[in-house]
Amino acid sequence: MFRPFGDTESLAKGPALARLCRQRGLILLAGADVRLAIDLRADGVHLPERRARRLGNIATLRRRFIITAAAHSLPAALAARRAGVEAIVVSPVFESASPSAVRPLGVMALSRITRAARLPVYALGGVNPRTARALGLSGISGLAAIEALGEPRI
(Lines give C-alpha, C1' and ligand atoms only; values in the text may rest on other atoms or scores of the structure.)
Protein backbone atom coordinates (compact mmCIF):
# COMPACT_ATOMS: atom_id res chain seq x y z
CA MET A 1 0.00 0.00 0.00
CA PHE A 2 1.40 3.36 -1.05
CA ARG A 3 0.25 6.24 1.16
CA PRO A 4 2.17 9.43 0.34
CA PHE A 5 -0.53 11.74 1.80
CA GLY A 6 0.41 14.48 -0.67
CA ASP A 7 4.06 14.64 0.41
CA THR A 8 5.99 15.65 -2.71
CA GLU A 9 9.09 13.62 -1.81
CA SER A 10 6.98 10.52 -1.19
CA LEU A 11 4.92 11.05 -4.35
CA ALA A 12 8.12 11.04 -6.41
CA LYS A 13 8.75 7.44 -5.27
CA GLY A 14 5.38 6.23 -6.54
CA PRO A 15 6.31 5.37 -10.14
CA ALA A 16 9.38 3.40 -9.03
CA LEU A 17 7.32 1.51 -6.48
CA ALA A 18 4.66 0.76 -9.10
CA ARG A 19 7.31 -0.59 -11.51
CA LEU A 20 8.81 -2.75 -8.77
CA CYS A 21 5.39 -4.17 -7.88
CA ARG A 22 4.65 -5.01 -11.52
CA GLN A 23 8.07 -6.65 -11.95
CA ARG A 24 7.55 -8.81 -8.88
CA GLY A 25 3.89 -9.59 -9.50
CA LEU A 26 2.80 -7.72 -6.36
CA ILE A 27 -0.49 -5.92 -5.85
CA LEU A 28 -0.19 -2.18 -5.32
CA LEU A 29 -2.91 -0.21 -3.55
CA ALA A 30 -2.93 3.58 -3.50
CA GLY A 31 -3.93 5.04 -0.16
CA ALA A 32 -7.18 7.03 -0.26
CA ASP A 33 -6.53 8.52 -3.69
CA VAL A 34 -8.26 7.27 -6.83
CA ARG A 35 -6.37 9.76 -9.01
CA LEU A 36 -3.05 8.44 -7.67
CA ALA A 37 -4.20 4.87 -8.33
CA ILE A 38 -4.98 5.81 -11.93
CA ASP A 39 -1.67 7.65 -12.40
CA LEU A 40 0.36 4.73 -11.02
CA ARG A 41 -1.76 2.10 -12.74
CA ALA A 42 -2.22 0.63 -9.28
CA ASP A 43 -4.33 -2.45 -8.74
CA GLY A 44 -6.51 -0.84 -6.14
CA VAL A 45 -7.35 1.82 -3.60
CA HIS A 46 -7.21 1.52 0.18
CA LEU A 47 -9.71 3.74 1.97
CA PRO A 48 -9.46 5.14 5.48
CA GLU A 49 -12.27 4.06 7.78
CA ARG A 50 -14.15 7.38 7.64
CA ARG A 51 -14.12 7.44 3.83
CA ALA A 52 -15.31 3.84 3.45
CA ARG A 53 -18.31 4.63 5.66
CA ARG A 54 -19.27 7.62 3.50
CA LEU A 55 -19.05 5.89 0.15
CA GLY A 56 -22.07 3.66 0.42
CA ASN A 57 -21.97 1.16 -2.42
CA ILE A 58 -18.61 1.26 -4.21
CA ALA A 59 -19.55 -0.92 -7.17
CA THR A 60 -18.36 1.70 -9.66
CA LEU A 61 -14.84 1.74 -8.21
CA ARG A 62 -14.77 -2.05 -8.03
CA ARG A 63 -15.17 -2.30 -11.79
CA ARG A 64 -11.66 -0.91 -12.11
CA PHE A 65 -9.91 -1.45 -8.77
CA ILE A 66 -9.52 -3.73 -5.79
CA ILE A 67 -11.01 -1.75 -2.91
CA THR A 68 -9.92 -2.27 0.69
CA ALA A 69 -10.74 -0.28 3.79
CA ALA A 70 -9.29 0.33 7.21
CA ALA A 71 -11.32 -0.68 10.24
CA HIS A 72 -10.52 0.07 13.86
CA SER A 73 -13.60 -1.60 15.36
CA LEU A 74 -16.25 -4.22 14.66
CA PRO A 75 -18.87 -1.61 13.60
CA ALA A 76 -16.36 -0.11 11.15
CA ALA A 77 -15.57 -3.54 9.68
CA LEU A 78 -19.27 -4.28 9.21
CA ALA A 79 -19.82 -0.87 7.60
CA ALA A 80 -16.92 -1.51 5.20
CA ARG A 81 -18.42 -4.87 4.23
CA ARG A 82 -21.82 -3.24 3.61
CA ALA A 83 -20.09 -0.60 1.46
CA GLY A 84 -18.74 -3.38 -0.75
CA VAL A 85 -15.01 -3.49 -0.08
CA GLU A 86 -13.12 -6.65 -0.94
CA ALA A 87 -10.91 -6.81 2.15
CA ILE A 88 -10.43 -5.05 5.47
CA VAL A 89 -7.21 -3.97 7.17
CA VAL A 90 -7.75 -4.03 10.93
CA SER A 91 -5.49 -1.94 13.13
CA PRO A 92 -3.91 -1.52 15.51
CA VAL A 93 -3.90 -5.08 16.73
CA PHE A 94 -0.95 -4.58 19.11
CA GLU A 95 0.81 -1.56 20.61
CA SER A 96 2.23 0.43 17.73
CA ALA A 97 4.71 3.26 17.33
CA SER A 98 2.61 4.72 14.51
CA PRO A 99 1.60 8.34 15.20
CA SER A 100 -1.98 7.51 14.16
CA ALA A 101 -2.28 4.41 16.36
CA VAL A 102 -5.07 4.32 18.91
CA ARG A 103 -5.56 1.79 21.72
CA PRO A 104 -4.73 -1.71 20.41
CA LEU A 105 -7.62 -4.07 19.75
CA GLY A 106 -5.89 -7.28 20.77
CA VAL A 107 -6.22 -10.75 19.31
CA MET A 108 -9.67 -11.51 20.77
CA ALA A 109 -11.28 -8.41 19.23
CA LEU A 110 -9.48 -9.11 15.95
CA SER A 111 -10.89 -12.65 15.97
CA ARG A 112 -14.44 -11.34 16.53
CA ILE A 113 -14.00 -8.88 13.65
CA THR A 114 -12.63 -11.60 11.37
CA ARG A 115 -15.57 -13.93 12.05
CA ALA A 116 -18.21 -11.21 11.67
CA ALA A 117 -16.71 -9.49 8.62
CA ARG A 118 -16.91 -12.54 6.36
CA LEU A 119 -14.24 -10.91 4.18
CA PRO A 120 -10.47 -11.27 4.03
CA VAL A 121 -9.03 -9.44 7.04
CA TYR A 122 -5.43 -8.30 7.31
CA ALA A 123 -3.85 -7.47 10.66
CA LEU A 124 -1.74 -4.33 11.06
CA GLY A 125 -0.28 -2.38 13.93
CA GLY A 126 2.46 -3.61 16.19
CA VAL A 127 2.81 -6.82 14.19
CA ASN A 128 6.34 -8.13 14.25
CA PRO A 129 7.92 -11.60 14.21
CA ARG A 130 7.15 -12.05 17.93
CA THR A 131 3.55 -10.78 18.00
CA ALA A 132 2.65 -12.46 14.71
CA ARG A 133 2.73 -15.86 16.43
CA ALA A 134 -0.28 -14.83 18.56
CA LEU A 135 -2.39 -14.34 15.41
CA GLY A 136 -2.40 -18.04 14.46
CA LEU A 137 -6.06 -18.82 15.25
CA SER A 138 -7.50 -15.35 14.67
CA GLY A 139 -8.81 -16.17 11.20
CA ILE A 140 -6.87 -13.45 9.41
CA SER A 141 -5.98 -13.75 5.74
CA GLY A 142 -2.66 -11.98 6.15
CA LEU A 143 -0.67 -9.46 8.12
CA ALA A 144 1.63 -6.52 7.68
CA ALA A 145 4.77 -6.69 9.80
CA ILE A 146 6.10 -3.30 8.78
CA GLU A 147 8.52 -3.08 11.72
CA ALA A 148 10.13 -6.32 10.53
CA LEU A 149 10.85 -4.92 7.07
CA GLY A 150 13.23 -2.13 8.05
CA GLU A 151 13.64 0.96 5.88
CA PRO A 152 12.22 0.56 2.36
CA ARG A 153 14.66 0.99 -0.54
CA ILE A 154 13.25 2.18 -3.83
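This is a short chat about a predicted model of a protein.

User: How many helices and strands does the protein have?
Analyst: The secondary structure comes to 8 helices and 6 strands. Along the sequence, the pattern reads α-β-α-β-α-α-β-α-β-α-β-α-β-α.

User: What share of the residues is buried?
Analyst: Buried residues make up 40% of the 154 residues.

User: And the largest nonpolar core, how many residues are in it?
Analyst: That core has 35 residues. L28, I67, V85, I88, L110 and L135 have the most contacts inside it.

User: Which elements give two or more residues to this core?
Analyst: Helices α1 (8-24), α2 (34-40), α5 and α6 do. So do strands β2 (44-47), β3 (66-71), β4 (87-90) and β5 (121-123).

User: Take V85. What is V85 in contact with, leaving aside neighbours within four places in sequence?
Analyst: V85 is in contact with I58, R62, I67, T68, A69, A80 and L119.

User: New topic: α5 and α6. At what angle do their axes cross?
Analyst: The axes of α5 (residues 74-83) and α6 (residues 106-117) cross at roughly 25 degrees and come within 10 Å.

User: Why is α5 called roughly parallel to α6?
Analyst: Because angles under 35 degrees count as roughly parallel, the crossing angle makes α5 roughly parallel to α6.

User: Is the crossing left-handed or right-handed?
Analyst: The crossing of α5 and α6 is right-handed.

User: Which residues meet there?
Analyst: From α5, L74, A77, L78 and R81. They meet R112, I113, A116 and A117 in α6. By class, this contact has 6 nonpolar, no polar and 2 charged residues.

Key
Residues numbered from 1 in each chain as written. Predicted model: local features only at pLDDT ≥ 70, side-chain atom pairs only at ≥ 80, totals over all residues. Heavy atoms only, no water. Axes fitted to C-alpha atoms, helices over the stretch in contact; angles between N-to-C directions. Helix = DSSP H or I, 4+ residues; strand = E, 2+ residues; numbered from the N terminus. Parallel < 35°, antiparallel > 145°, perpendicular 65-115°, else oblique. Left-handed = near helix turned anticlockwise from the far one by under 90°. Contact = heavy atoms within 4.5 Å. Nonpolar A, V, L, I, M, F, W, Y, C, P; charged D, E, K, R; others polar. Core = buried A, V, L, I, M, F, W, Y, C linked by side-chain atoms within 4.5 Å. Buried < 20%, exposed > 50% of the residue type's maximum accessible area, 1.4 Å probe, protein only.
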